[in-house]
Amino acid sequence: MNTILTQSAADLSAALAAGETTSVELTGACLERIAEVDGAVHAFLHVDAEGALAEAAASDARRAAGSPAHALDGVPIAVKDVLATEGLPTTCGSAILRGWLPPYDATVVARLKAAGLPILGKTNMDEFAMGSSTEHSAYGPTHNPWDLDRIPGGSGGGSAAAVAAFEAPLALGTDTGGSIRQPGAVTGTVGVKPTYGGVSRYGLVAMASSLDQVGPVTRTVLDAALLHELIGGHDPRDSTSVDQPLPGLVAAARRGASGALAGVRIGVVKELGGKGYQDGVLVRFTEALDLLVAAGAEVVEVSCPHFVHALAAYYLIMPSEASSNLAKFDAMRYGLRVLPEHVEDPSAEDVMRASRDAGFGDEVKRRIILGTYALSSGYYDAYYGQAQKVRTLIARDFEQAFGVADVLVSPTAPTTAFKLGEKLDDPIEMYLNDLATIPANLAGVPGISVPSGLADEDGLPAGFQVLAPALADDRCYRVGAALEAALREKWGGPLLDQAPSLTAASRNTTGASA
Amino acid sequence: MSTTQHLIAWDDVLASYDPALGLEVHVELNTRSKMFCGCPTEFGAEPNTQVCPTCLGLPGALPVVNRKAVESAIRIGLALNCDIAEWCRFARKNYFYPDMPKNFQTSQYDEPICFEGFMQVTVPGEDGADETVRVEIERAHMEEDTGKSLHVGGATGRIQGADHSLVDYNRAGIPLIEIVTKPITGMGERAPLVAKAYVSQLRDLIVALGVSDARMDQGSIRADVNLSLSPRGAGTLGPRTEPKNVNSLRSVERAVRYEMQRHAGVLDAGDSILQETRHWHEDTGVTTSGREKSDADDYRYFPEPDLVPVAPSREWVEELRGTLPENPTLKRARLQQDWGFTDLEMRDTVGAGAFGLVEDTVAAGAAPQAARKWWLGEMARRANDTGVEIAELGVSPLDVAAVQALVDSGSINDKLARQVFDGLLAGEGTPEEIIAARGLAIVSDEGALGAAVDAAIAANPAVADKIRDGKVAAAGALIGAVMKEMRGQADAGRVRELILEKLN
């Protein structure tokens, strides 16, 4: 493998600035790597080699002229297929949007382009971001680079796998209930869900508007901070975006990497651990906690009693919003159009019904049905209304916990990556994977997942989650970077150094091709 | 089309039933951009040219509230004596229809921005004098309009029988304010007039506020009239129907009257009223069955998660209160007194849509009765002949005032003034230019007049003798002859004087 591929975005930025490499060389290396391993990994749904190389050449020209647009100018990136990219297919992993070419860019994509980051392509995902394994993609699953028979997490398994497989140094993901952090945990990468409103959702095809957030998917905490600062900040096109400057995230990551955590109070959430969590995951979690204490942090146990209802509330609010958000996919203006069989002179309604039936997968239909039911007259108060109350109580739990702790921590996901197909027939088992990540979405607070090591029983990556109060994303970066530094010292390098080589494996596995 | 309806005679309806009205009026705001995006709102543009990802509901696009629309909503609410919410949200009204890009309408549900208001509506009373009816306003809320379906290939332009349908999304996302009354009961025979007067005065209010074009014919004001009957004295509300496509004030009145007679027919026959929308046919004056509308229609409303709550500060609300124009009803009462109009004269003026025109004509210097006479007589006749509203005739209040000033100064008379209006409508220039070009000025040349009078006396010796004998009334015949000779361009009073002088 070309050694340029394993470098962090921060190092690549420095190398580009120093003239040690070019964006064309770097982008070309990523494209080669994709060609080499993505047949096995299937992280990408669409690769835009031509567009990425053209942007890389333009970036090199800017660098040569001494006027780079941004520190990350020229560093290539992969984008989750739920973000609108002008002229590049955007399918959300669904058959109903097969071939749809958006006429506009999501705000985060526009910011990437303005900063000069070549977009390598669009990454695979569970259909409309509904899932925890990327198996619900209409275009076939993504495989975990650590073990190609296992899931890469979801819904953003494509972005996490692309970064873990060194196909891209950076990626964008979206997180509604853990779709950035859980894939990060099971692929040994870093994922951040920013504060709700911290990053524009304009151009993010909504699953659940009040929960969705765009965030960075990277291999290091510092890279995540660099990318977060680039995409974050107020957007007048998104009413829910927060109109105030981001805290210094890169500075917080650098400060954390120096290792000193004196005076930082770390709250261990009692409800996010124990029963239902894999032993190896818990062992790595406890060890990580010890490292933070060694760095000077103070550990307190906190209780968030309403977290036990988070999953139930989430599975009412999310499908309710999704049922309405996905109503627009009706074959009238764009996307798949299917004429019903055995219907003469079909009405618009007949065509809508047939197209939605053919275009949506089972998990999407399940959630639309759930949400439609929960919002129905006579059930609204008992379901949606009640869930919103739980949501308020969860936010209060966070408030109280942040009264005694600066950050809260937990394992990111209860288990390491499970086998492809293992939980497909049991939605509840699948949903339980997001147990620890969902509360942050319900309360709108930021969270980061940092690799905590490999579980002893299966040798697969586990994740350590750090949650902070809304708008205090910098705390996630500080603590995350401190943990990353301590663990790397212990391991003698990044966790991904221990990942198997894909070049041997790829010949034996048949993945759907990009 | 449904079968012929059995209508009950009007007096019999009133003898047996009490009507209850509920009015929902949609006002299309005249903001420069749409409710949730920056697209322009011009009426009549090429289909699908005023659209963007947001109003087309493309995946990923998000709404942003138009502050000007909120301002207009608050001003309407204040003018209707409503409370203004300190905090309210938008809600999604979910239903599938091709002209609705997102398959939900962003509207307001249980948290309207304006609520609990009222409007004093003036209606003609039984003795001819005006009476005031207080109409309670339940709410006024903000929402977005839908696109417009065009059904092609059918005979009626309706969806039934059409080959295919086209959708124009230019209208999708245009800001609407929906104003909903509480049930209006106890109106008896006045119910149709109250409905009409309410819509008419609401329109005047909207015009005075300047927040909408307020054109019923273009759909910028749309009135849905809910009507139900209950047995006299029962004090209950019966099942209601809602005529759609009621596109003029006259139709509001007719549709209510028709539905009352139709309901009574159904109820008298022992049947029950189906709760539904009805299609009003302007040409035939009947309604036909539309879409069944049960109270169980489930729109699965929930708070719009893509928008933040609207929380107008009290300072802003008070600032907007300061921008309200004079209440049109109060203003009408004030001007009626100033002008010395009777209730009937005032009602006719308002009914003809000439109130503002008369006001502006008086402001330009004309006497109120002269202004009224021109607008309700000559202009109303011309408008009627050409099938337009008098306001759109092409004659301005300034024109009328200028013509009247020329009449007052004796330069022209009423008959010549009509020719001046011909010239104005033909675009021949100012009244003065038209008078000069058409040679319409009254002849005040005493020589020419004297010659014409002499000629008339000479031609009618018998008449002249009568006048000499003191039968002054006979002068009319000679005046007529002179006026004819002068082609009307003489001051009849002066002609009379000359005749009497010469025959004394």
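Is B:N103 buried or exposed, and how many other C-beta atoms lie within 10 Å? B:N103 is buried, because 21 other C-beta atoms lie within 10 Å; a residue counts as buried if 20 or more other C-beta atoms lie within 10 Å of its own, as exposed if 12 or fewer do, and as partly exposed in between, with C-beta atoms placed from the backbone. The structure is a predicted model, in which local features need pLDDT of at least 70, side-chain atom pairs count only at pLDDT 80 or more, and totals for chains, interfaces and linings use all residues. Residues are numbered from 1 along each chain as its sequence is written, while chains are lettered from A and ligands numbered from 1 in the order in which they are written.

Chain A contains 17 helices and 11 strands, where helices (H or I, at least four residues) and strands (E, at least two) are DSSP runs numbered from the N terminus. The C-alpha trace of chain A spans about 70 × 55 × 45 Å along its principal axes. A compact globule of 514 residues would have a radius of gyration near 24 Å, and the 21 Å of chain A agrees with this; the radius is taken over C-alpha atoms, and the globule rule is 2.2 Å times the number of residues to the power 0.38. Of the 514 residues in chain A, 61% are buried. Two residues are in contact if their C-beta atoms, placed from the backbone, lie within 7 Å. Among contacts in chain A between residues at least 6 apart in sequence, 77% join residues at least 24 apart.

Chain B has 16 helices and 15 strands, and its C-alpha trace spans about 95 × 55 × 50 Å along the principal axes. Buried residues account for 41% of the 504 residues of chain B. For contacts in chain B between residues at least 6 apart in sequence, the share that joins residues at least 24 apart is 68%.

The two chains also meet each other. Their contact involves 33 residues from chain A and 25 residues from chain B. On the chain B side, 16 nonpolar, four polar and five charged residues touch chain A. In this classification Ala, Val, Leu, Ile, Met, Phe, Trp, Tyr, Cys and Pro count as nonpolar, Asp, Glu, Lys and Arg as charged, and the others, Gly among them, as polar.

Two packed helices are described by the angle between their axes and the distance between the axes. Helix α10 (residues 397-408) of chain B packs against helix α11 (residues 414-425) of chain B at an angle of about 150°, with the axes 10 Å apart. α10(B) is therefore roughly antiparallel to α11(B). Here axes are lines fitted to C-alpha atoms, for helices over the stretch in contact, and angles run from 0 to 180 degrees between N-to-C directions; angles under 35 degrees count as roughly parallel, over 145 as roughly antiparallel, 65 to 115 as roughly perpendicular and the rest as oblique. From α10(B), the residues B:D399, B:V403 and B:V407 make the contact, and from α11(B) come B:D414, B:A417, B:V420, B:F421 and B:L424. By class, this contact of α10(B) with α11(B) has six nonpolar, no polar and two charged residues.

α11(B) also packs with helix α12 (residues 431-438) of chain B, at an angle of about 110° and with the axes 9 Å apart. These two helices, α11(B) and α12(B), are therefore roughly perpendicular to each other. In this pairing B:Q419, B:V420, B:G423 and B:L424 of α11(B) meet B:P431, B:I434, B:I435 and B:R438 of α12(B). The residues of the contact of α11(B) with α12(B) comprise five nonpolar, two polar and one charged.

Some details of the backbone deserve a look as well. Most residues other than glycine have a negative phi, and most peptide bonds are trans. B:N103 is not a glycine, yet has a positive phi of about 60°; B:N103 sits in the loop between β3 (91-94) and β4 (104-107) of chain B. A:F166 is not a glycine either and has a positive phi of about 60°. A:F166 lies in the loop between α5 and β4 (170-175) of chain A and is buried, with 23 other C-beta atoms within 10 Å. The peptide bond from A:G154 to A:S155 is cis, with omega near 5°, and A:S155 belongs to the loop between β3 (119-123) and α5 (157-164) of chain A.
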